[in-house]
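Subject: Structure handover

Hello,

Here is the structure for your files. My notes on what was found in it follow below.

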Amino acid sequence: YDDAPQVWAVAARLVSGRFLACAASAHGTLSTYVDVTRRDAERRATDAADLVDREQRLRDALRAGDLAAALDRAFELDRPFTAWQTLDALLTAQPDRLDALLAAWSPDRARRCLDFLREWNADAKKAPVAHRLLAALLRRFPPTFLLADPAMRHALAAYTTRHLARLDRLHQATFLLDRALHQGARRLLDDADSEEPPHHPSRRN
């Protein structure tokens, strides 16, 4: 291709134990390339070791019954299901601790929690925990804060839409139930009115 930069010189050498390459193009630019294979491998190994350590701390906290620490580890590891399990156990065993636990939460933790709430709210089994946690979040943070961040507004909107849709379905179901009960009551009354009174033959002296 005529417009593509053409490399007219390449040089490579070891600098302080690292591979360094330089390429010069016909457009007058000089590009340098450094071999980062070892650095990336060491970073991946460090990240893997850190992940193993955090997962072990999560298991230790769950085994010891330290629900507050387990919840922190679940958020750090981005484990929505484990966070829900921990909160469910906390609300069952120590429901009064929820507000005290949220008092130490940062705004970033609250935003991440709302992302979890949006996921939990889609599951009828997890929804009660989501409802109680959202109520606690609204007590902990002012509505102005919760609505200031677009991501936060999106999470709250998704939660509210699903919740209102569920309430609307329940409200519609009550009309069907009322109608069924009303029709059943009318049928019982009609059947009672249609029955003839028992005939008692008169006695003769």
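Asp-53 and Arg-57 sit four residues apart in helix α1 (residues 37–64), about one turn of the helix. Helices here are DSSP runs of H or I with at least four residues, numbered from the N terminus. The two side chains form a salt bridge, with the closest N and O atoms 3.4 Å apart; the term means a side-chain nitrogen of Lys or Arg within 4 Å of a carboxyl oxygen of Asp or Glu. Asp-53 is partly exposed at 39% relative accessible area, and Arg-57 is partly exposed at 37%. Buried means under 20% relative accessible area, exposed over 50%, and partly exposed in between, using a 1.4 Å probe and protein chains only.

Two notes on the source. This is a predicted model, in which local features need pLDDT of at least 70 and side-chain atom pairs count only at pLDDT 80 or more, while totals for chains, interfaces and linings use all residues. Residues are numbered from 1 along each chain as its sequence is written, and side-chain values use heavy atoms, with hydrogens and water left out.

The structure holds twelve salt bridges. Another of them joins Arg-73 to Glu-76, at 2.9 Å from N to O. This pair lies in helix α2 (residues 67–76), three residues apart, which is about one helical turn. Arg-73 is buried at 17% relative accessibility, whereas Glu-76 is partly exposed at 36%.

In helix α5 (residues 107–121), Arg-118 and Asp-115 are three residues apart, again about one turn. Their side chains meet in a salt bridge of 3.6 Å, N to O. Arg-118 is partly exposed at 25%, as is Asp-115 at 28%. Salt bridges with shared partners link Asp-78, Arg-112, Asp-115 and Arg-118 into one network.

Helix α6 (residues 127–140) has 14 residues and spans 20 Å from its first C-alpha to its last, close to the expected 20 Å. The expected span is 1.5 Å times one less than the number of residues. Buried residues in α6 include Ala-127, Val-129, Ala-130, Leu-133 and Leu-134.

Last, the surface. Leu-164, Leu-167 and Leu-170 form a nonpolar patch there, with about 290 Å² of accessible area together. Leu-164 belongs to helix α8 (residues 150–194). Patches are made of residues with over 30% relative accessible area and no salt bridge, joining like charges within 9 Å and nonpolar side chains (Val, Leu, Ile, Met, Phe, Trp, Tyr) within 5 Å. Accessible areas come from the Shrake-Rupley method with a 1.4 Å probe, and for residues only the protein chains shown count as cover.

Regards

Methods
Helix = DSSP H or I, 4+ residues; strand = E, 2+ residues; numbered from the N terminus.
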